[in-house]
Amino acid sequence: NVLLESISHSSLLLLDSWTGQLDDTLFESLEEVGCDKFYIPENTTDLCQPLDVYGFRQWKGFVRKITSRVVLDNIGVDLTTRENIIIMQSLVHNQLSAPAFSPMWQYSWFKSGYINYRPDKFQNVSELSFTPSMNSCSAIGCEEFNFLKCAFCEKHLCVAHFFIEYHFHAN
């Protein structure tokens, strides 16, 4: 039902072979709006699923950078609580949704073989967000070293001003 509301024209739904998605009656109404459905063959997800081929590595790297910085700097944040896990995933999703990362996501589709054109050269998460620099945090009055550069506003932020203050871009 949620998917149906977001489809406005011909679409393609790629599904892996997870048993919860194999019931064709779940997707009957998609055909009415021009949505084609294809299954990724079993045991080939790591070769065919765009996020598995490239995207999840970038996502996991981003999470690892946050986790490492919190541990190394002995910041009093428990990253194992449900709330902080949700905050971290929300912030990572928000950053990776920035237009600067669009070519990276397009590359995932290219590398999986779904599109024929190779996107222009792009910066990955490490290059765009975590390039080492001696800049201090951009927050007014903060003298901490920066932890990352925001992919939206390009501010250099410490962990406190990124994670604890929840540096989120609505657009």
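Student: Is Asn43 buried or exposed?
Tutor: Asn43 counts as exposed, at 71% relative accessibility. Buried means under 20% relative accessible area, exposed over 50%, and partly exposed in between (1.4 Å probe, protein chains only).

Student: What kind of model is this?
Tutor: This is a predicted model, in which local features need pLDDT of at least 70, side-chain atom pairs count only at pLDDT 80 or more, and totals for chains, interfaces and linings use all residues. Residues are numbered from 1 along each chain as its sequence is written, and side-chain values use heavy atoms, with hydrogens and water left out.

Student: Back to Asn43. Where is it?
Tutor: Asn43 lies in the loop between strand E2 (35–39) and helix H3 (45–48). Helices (H or I, at least four residues) and strands (E, at least two) are DSSP runs, numbered from the N terminus.

Student: And what is its phi?
Tutor: Asn43 has a positive phi of about 65°, although it is not a glycine. Most residues other than glycine have a negative phi.

Student: What about the phi of Asn74?
Tutor: Phi of Asn74 is positive too, near 55°, and this residue is not a glycine either. Asn74 sits in the loop between helix H4 (50–72) and helix H5 (82–96). With 68% relative accessibility, Asn74 counts as exposed.

Student: New topic. Where is Glu28?
Tutor: Glu28 is in helix H2, which spans residues 28–32.

Student: How accessible is Glu28?
Tutor: The relative accessible area of Glu28 is 49%, so Glu28 is classed as partly exposed.
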